[in-house]
Amino acid sequence: MTAPASTSQDFASLSLTPAALANLKLLGYEQMTPIQAASLPIALLGKDLIAQAKTGSGKTAAFALALLSNLNARRFAVQSLVLCPTRELADQVTQEIRRLARAEENIKVVTLCGGVAMRGQIASLEHGAHIVVGTPGRIMDHLQRGYLKLDALNTLVLDEADRMLDMGFFDDIAVVARQCPTERQTLLFSATYPEGIAKISQQFMRQPQTVTVAAQHDSNKIRQRWYQVRESERLHAVSAVLNHYRPASTLAFCNTKVQCRELVQVLKAQGFSALALYGELEQRERDQVLVQFSNRSCSVLVATDVAARGLDISQLEMVINVDVTPDAEVHIHRIGRTGRADEEGWAISLASMNEMGSVGKIEQLQKIESEWHKLEELTPASKEPLVPPMVTLQIVGGRKEKIRAGDVLGALTGDAGFTREQVGKINVNEFSTYVALDRSIANEALQKLTVGKVKGKSVRVRLLDDESLA
Ligand code: ADP
Ligand code: MG
């Protein structure tokens, strides 16, 4: 039951307010992405919907615009609930909803995730929330203790449903869904379509329409190459690839956590700046890893599929399939992380003889023949080590201390005398602020901020991963 894709890509074809349309222009959203064009007309009619499209295809706005249009800002009650698998995805969704909600009056979005004290969350709920975004476990906590009430709810969103199922959240989702009014809209978004999704839809959705945007990429933007390796050569082949192509940002996929850890060790030993992302990291470590990678102060992020799913990371020059995935769909998702928008990207895959069966399945699905190259062709393009352009400086203190990005930029470009161009991305988290600095000024900036002030106060600062500093 696949709904026909809407013919118009134009946001103006939807029943959105002029203010919402103007805000989309401001955000640079010129046209709907294919999944938005396929799902928004259905979602805006209030129908239940299952939408499947690859990571990075704009699924958040596809449900955010629908739930915002259903919302009455004058009614002080939770009207939408978005369930996400992890805190960082919940944060990303909250930010996107806030951006999209700017057109409307005072819409309050509250994030409820584990790993953070309940107290502040309870206070935020008491101040009134229209939209709640969070992870199933913490949402259940708030429901059970009576802090969160869902009787006015009109939209329930299950975002990254496949990943929530992977993480064993089915029962929690069921508990939460049963507490929602039966008269409601349920929207389910997913990158893949595992079995559990049919079960969710049977139990908690009402005659949902399904829209799917096929996971095929513009093959002109992703240049794929395959290298045959022996098992013993695999990890060292990754550094050969990096030295040859010299990408500034690479996401390297391994099939297991153990492989991730080993690869990071090998890369670090060879002077690369590499970090691992896998399930069991503490939240604070995950945050730091993601900040450093996304602000270009780490060259290689080594991840498992589960850890990387759903993350919105742009500007990737390269994806490396360190191991071939046995699931051809997963391969398509992996390589789709590079070559987005108008940038070109490399997708490099390493395959051993044992993996040729999987390679065959991937070829069938992609309907293109693999382009094979020899490891011997990989020659270092430079004698200089590959270093990331930026370094991350951590300031102890964040939103809790009312630090804003502008304060930090002000301190660096004011008293400290640096230029705007020498400062990169600034991430203000709850308790910490992370600033990307041009590598050439990192040490000087550290010294100046150590003795200087941010927002009139002395702050504690340190460079993350200073071992990689020259
Ligand atoms: P998904 O949930 O499918 O992985 P996201 O919702 O995270 O994808 O969107 C990926 C990126 O695309 C985000 O940075 C978002 O701001 C951007 N984006 C979404 N819709 C549009 C659009 N219509 N035009 C331009 N950029 C968009
Ligand atoms: Mg998403």
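The following exercises, each with a worked solution, concern the predicted model shown above.

Local features are described only where pLDDT is at least 70, and side-chain atom pairs only at pLDDT 80 or more, whereas totals for chains, interfaces and linings use all residues. Residues are numbered from 1 along each chain as its sequence is written, chains are lettered from A and ligands numbered from 1 in the order in which they are written, and side-chain values use heavy atoms, with hydrogens and water left out.

**Exercise 1. State which domains the chain is assigned and what separates the centres of domain 1 and domain 3.**

Begin with the bounds, which come from an automatic or database domain assignment: domain 1 covers 11-212, domain 2 covers 222-377 and domain 3 covers 390-469. Then take the centres over C-alpha atoms, which puts 34 Å between domain 1 and domain 3.

**Exercise 2. Describe how helices α5 and α6 cross, and which residues meet there.**

Two packed helices are described by the angle between their axes and the distance between the axes. Helices and strands here are DSSP runs (H or I of at least four residues for helices, E of at least two for strands), numbered from the N terminus. Axes are lines fitted to C-alpha atoms, for helices over the stretch in contact, with angles running from 0 to 180 degrees between N-to-C directions.

First, the axes of α5 (residues 118-126) and α6 (residues 136-144) come within 12 Å and cross at roughly 65°. Second, the crossing is right-handed, the near helix being turned clockwise from the far one by less than a right angle. Third, with contact meaning heavy atoms within 4.5 Å, Met118, Gln121, Ile122 and Leu125 of α5 meet Arg138, Asp141 and His142 of α6. These contact residues divide into three nonpolar, two polar and two charged.

**Exercise 3. Identify the buried residues of α6 and what covers them.**

Apply the accessibility classes, calculated with a 1.4 Å probe on protein chains only: buried is under 20% relative accessible area, exposed over 50%, and partly exposed in between. In α6, Pro136, Arg138, Ile139, Met140, His142 and Leu143 are buried. Their cover includes α5, α7 (161-166) and α8 (170-178), together with strands β2 (80-83), β3 (109-112) and β4 (131-134). Just after α6, Gly146 takes a positive phi of about 85°.

**Exercise 4. Decide whether Gln292 is buried or exposed, and list what it touches.**

Gln292 is found in helix α12 (residues 283-294). With a relative accessible area of 5%, Gln292 is buried. Leaving aside residues up to four places away in sequence, Gln292 touches Leu275, Ser297, Cys298, Thr392, Leu464 and Asp465.

How values were computed: Nonpolar A, V, L, I, M, F, W, Y, C, P; charged D, E, K, R; others polar.
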